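Me: I would like to go through this structure one feature at a time. Please give the general idea before each case.

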Amino acid sequence: MKIAILAGDGIGPEIVAQAVRVLEALRSDGLKFELEPGLLGGCAVDAAGEPFPEATRRLVTDADAVMLGAVGGPQYDTLPREQRPEQGLLSIRKTLNLFANLRPAVLYPELANASTLKPEVVMGLDILIVRELTGDIYFGEPRGIEQRRGQRVGYNTMIYSEAEIRRIARVAFKAARKRNRRLCSVDKMNVLECTQLWRDVVTETAKDYPDVELSHMLVDNAAMQLVRNPRQFDVVVTGNMFGDILSDEASMLTGSIGMLPSASLDDRNKGLYEPIHGSAPDIAGKDVANPLATILSAAMMLRYTFDEEAGACRIESAVKKVLASGYRTPDIYEPGTKKIGTVAMGDAILANI
Ligand code: IPM
Ligand code: MG
């Protein structure tokens, strides 16, 4: 197996370094893979003039899995859109056909007080958001900003084919089967035709999964229900843009966006694994970033691409033990716990692997 390592920008290199240490510890224990570094995002713009250079394209096409830190930084925000780091991320998703984005939002009991919601609202929270990742308004054509009758107009296209909806629905139904067998599909069918089709196709697909209980929710209501009573959700499936927004919202229920991993998969379980948070340039290089989302993304890699459930569980239980021992990076710190930095958090995980 070959893993491409794309550390990216901002805190990316610091947090990826800790996840790499964890992977290497498992390798010396018998897991077989090689790691190969590459450039994506702002660092690629600086070195090669584009966010997703040809060398990186070859590297990730050959690799079985990709570990990604985060991309972006304020110095790139004024570049033409196609040269911005975020474009590198969107291109790699599209190039590798990573249409299924799994974003688990799990509350570790030790962090119940780190959430901005009351502990009794979030205690026991365990949601899986399945976000479609290669379609929708993110990629729809036509798009642009142009002059019309003397003023600028901006426009994008929200579009889904039934094949795109069906394949992500199948991923979500299968995931629900491995959990509590409840699936909530989120759309805006009261206004948008595109999502009327979404609802129709998800409903048709449900016939193949009679053992899974399907419900539908409008996206504005879903945003509200996530903070009102988040434990009503088991698996949530939704389109690219709604999934982007709802997954950030769900992350805060767990205490910190620094805790949430993600997997982006194609139809053969090749995957890209990354924390859901960004590059946090304001705290980069200070040894304060939380590496746990990236370390937990490595666990997802073992589970989904390598089919190494045991290795995944070892990482996840190390995270639980470290939290239970009271170690916290600043984002999840509360009085009475022990504040440590990025590298020390990596040390603590390794000591418990
Ligand atoms: C995410 C991010 C990206 C997205 C950005 C950085 C392009 O917010 O992975 O959720 O919108 O998909
Ligand atoms: Mg996002």
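Reply: Start with salt bridges: a salt bridge is a side-chain nitrogen of Lys or Arg within 4 Å of a carboxyl oxygen of Asp or Glu. Side chains of opposite charge can pair when their charged atoms come close. The model is predicted, so local features need pLDDT of at least 70 and side-chain atom pairs count only at pLDDT 80 or more, while totals for chains, interfaces and linings use all residues. Side-chain values use heavy atoms, with hydrogens and water left out, and residues are numbered from 1 along each chain as its sequence is written.

Me: How many salt bridges does the rule give?
Reply: The count comes to 19 salt bridges. One of them pairs the side chains of R27 and E24, at 3.3 Å from N to O.

Me: Where do R27 and E24 sit relative to each other in helix 1?
Reply: Helices (H or I, at least four residues) and strands (E, at least two) are DSSP runs, numbered from the N terminus. R27 and E24 are three residues apart in helix 1, residues 12–27, which means that about one helical turn separates them.

Me: How is the chain divided into domains?
Reply: Domain bounds come from an automatic or database domain assignment. Here domain 1 covers 1–99 + 266–353, and domain 2 covers 109–254. Their C-alpha centres lie 24 Å apart. With contact meaning heavy atoms within 4.5 Å, 13 residues from domain 1 and 16 residues from domain 2 take part.

Me: What area do domain 1 and domain 2 bury between them, and how many salt bridges are counted there?
Reply: Buried area is the accessible area (1.4 Å probe) that two parts lose on being put together, summed over both. For domain 1 and domain 2 it is about 1400 Å², with 64% of it on carbon and sulfur atoms. The number of salt bridges between the two domains is zero.

Me: How many cavities of 30 Å³ or more does the structure hold?
Reply: A cavity is a set of points, on a 1 Å grid over the protein atoms alone, where a 1.4 Å probe fits but cannot get out; lining residues have an atom within 4 Å of a point. Grid points are joined across faces, edges and corners, and a volume is the space filled by probe spheres set on the points. The structure holds two cavities of 30 Å³ or more.

Me: Which residues line the largest cavity?
Reply: Its lining includes D136, M158, Y160, D187 and W198. Strand 8 (182–187) and helix 7 (193–205) are the elements that give two or more residues to this lining; helix 7 provides the largest share, three residues. In the classes used, Ala, Val, Leu, Ile, Met, Phe, Trp, Tyr, Cys and Pro are nonpolar, Asp, Glu, Lys and Arg are charged, and the others, Gly among them, are polar. The lining of the largest cavity then divides into six nonpolar, three polar and two charged residues.

Me: What lines the second largest cavity?
Reply: I127, I129, V186, A222, L226, F233, V236 and L246 line the second largest cavity. Strand 5 (126–132) and helix 8 (219–228) each give two or more residues to this lining. The division is eight nonpolar, no polar and no charged.

Me: Which residues does a cis peptide bond join?
Reply: The cis bond joins E141 and P142, with omega about 0°. P142 is in the loop between strand 5 and strand 6 (144–148).

Notes: Chains are lettered from A and ligands numbered from 1 in the order in which they are written. On a 1 Å grid over the protein atoms alone, a cavity is a set of points where a 1.4 Å probe fits but cannot get out, and a pocket is an open set with protein on both sides within 12 Å along at least five of seven lines; lining residues have an atom within 4 Å of a point.
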